[in-house]
Amino acid sequence: MYTAVDGSRVPIRMWADPASVEDQAMRQLHNVANLPWVHGVAVMPDVHYGKGATVGSVIAMRDAVSPAAVGVDIGCGMSAVRTSLTASDLPDDLGKLRRRIESAVPVGFGLHKTPVNPAKVHGVGGWDAFWQGFGELHTGVQELHDRAARQIGSLGGGNHFIEVCLEEGTGQVWLMLHSGSRNIGKELAERHMAVARKLPHNADLPDRDLAVFVAGTPEMQAYRRDLFWAQDYAARNRATMVALVKQALKDVVPQTTFDDAISCHHNYVAEETYDGVELLVTRKGAIRAGSGDLGIIPGSMGTGSYIVRGLGNESSFQSASHGAGRRMSRNKAKKLFTADDLAAQTAGVECRKDSGVVDEIPAAYKDIDAVIRAQTDLVEVVAHLKQVVCVKG
């Protein structure tokens, strides 16, 4: 159940202990709750400080949207696929499987030499119409078409990952990945944030990063067009990676078959109705958890993840957390931990264990099991997964 915190204009419904939330994040939440367009705010148990808007927040607005409440990785989210394999079917040398995945999917700033053939991405159509829409995007990104085309099916860095996991209790093998709209989403987001900050109605905001677009304006129309295109890009990026990772696994274990993929955004905007009011609901570090919706809530690179089913709780705007959430900054993690610490905390996982990913060490994240326990009125657990292979950029 949530705790209601006085946010002045609207209450802040918190599925996190208010006393455990950083002062910076609480200030952000109060700033959001006082915006004149806000209908409601829900806070997930993985909440932590972010740029403009708090990560792990759900913001429902009337006829307005804040680009910072979406973030720069528009459409970032998760995909997961259950396979026909069990643990005993995997090769003894998991390093071979990891290398095969890494050769199939560019990581970090990488991109494909040529765009991935859409025919490889079964069940996803409309590619011609999708790319035709590129020409209608913000003029500042038009020279990025080739890069955007070659980054479809690429991972990125930071907390993005590809994993091979085992389901607790059954040993069933799952594939899982986390990524978003890559460079093109970032470029679009930053351009629209800059536009929003200069609009007169945002002049007196307590945090200029919370600048909004309002309905009926050309600026809102332009942002919505680019936003929804980038959300589609992110979904197509993940679908393409799923296809490439499935093939990589089949290259190593040819008899593998796959269930349909589960996929969910966790940085995005949706048009939804609550309390009889049509709203623009922004989830920044939160997934939709409508009744029966399947979702994915990952932990860190050494702890495991959950497949969940939404319970449709309207108090949270039918939302749930997007992961464990960071409990310390990347810089702090790099100062506190070493590559040896990373190796110890990822024992049993075939993954990078060098200083380049120390900021992703499990100790830098909140306890994923505690995060799940804090939202039993939002989701029910379908499966608990533990990674055995993790690919990072």
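**Ground rules**

I number residues from 1 along each chain as its sequence is written, and I work with heavy atoms for side-chain values, leaving out hydrogens and water. In this predicted model, local features need pLDDT of at least 70 and side-chain atom pairs count only at pLDDT 80 or more, while totals for chains, interfaces and linings use all residues.

I took helices (H or I, at least four residues) and strands (E, at least two) as DSSP runs, numbered from the N terminus. I call two strands paired if DSSP finds at least two bridges between them.

**Entry 1: the sheet of 6 strands**

I started with an open sheet of 6 strands. Its order is β1-β2-β3-β4-β12-β11, and the pairing is mixed. I found β1 (3-5) and β11 (267-274) at the edges, each pairing on one side only. The twist averages 20° from one strand to the next. Axes here are lines fitted to C-alpha atoms, for helices over the stretch in contact, and angles run from 0 to 180 degrees between N-to-C directions.

Next I looked at one pair. Strands β3 (residues 38-48) and β4 (residues 55-61) run antiparallel and are joined by 6 bridges. Val38 stands opposite Met61 of β4.

**Entry 2: helix α1 on that sheet**

Helix α1 (residues 23-33) packs on this sheet. I saw it touch β1, β2 (12-14), β3 and β4; contact means heavy atoms within 4.5 Å. The direction of α1 makes about 165° with that of β3.

Which residues of α1 are buried? I listed Ala25, Met26, Gln28, Leu29, Val32 and Ala33. (Buried means under 20% relative accessible area, exposed over 50%, partly exposed in between, with a 1.4 Å probe and protein chains only.) Seen down the axis of α1, the buried residues fall within an arc of 155°, so they line one face of the helix. The arc is that of the directions from the helix axis to the C-beta atoms. These buried residues pack against β1, β2, β3 and β4. On the other side of α1, I found Asp23 and Arg27 exposed.

**Entry 3: the sheet of 7 strands**

I moved to an open sheet of 7 strands with antiparallel pairing, in the order β10-β6-β8-β7-β17-β15-β14. β10 (262-265) and β14 (294-298) stand at the edges with a single partner strand each, so one side of each has no neighbour in the sheet. Here the twist averages 30° from one strand to the next.

I then followed strand β15 (residues 305-310). It pairs with β14 in the antiparallel sense over 5 bridges. Ile297 has Tyr306 in β15 as its bridge partner. The hairpin of β14 and β15 has 6 residues between the strands, and Gly304 there takes a positive phi near 120°. β15 also pairs with strand β17 (residues 379-392), antiparallel, over 6 bridges. Arg309 has Glu380 in β17 as its bridge partner. Is β15 mostly covered or uncovered? I noted it as mostly covered, with 5 of its 6 residues buried.

**Entry 4: helix α6**

Helix α6 (residues 218-252) lies across β11 and β12 (277-284), at about 110° to β11. α6 also lies across β6 (77-86), β7 (161-167), β8 (172-179) and β10, at about 145° to β8.

I checked helix α2 (residues 94-104) against α6 too. Their axes come within 9 Å and cross at roughly 140°. In α2, Leu97, Arg100, Ile101 and Ala104 meet residues of α6, including Leu244, Val245 and Ala248.
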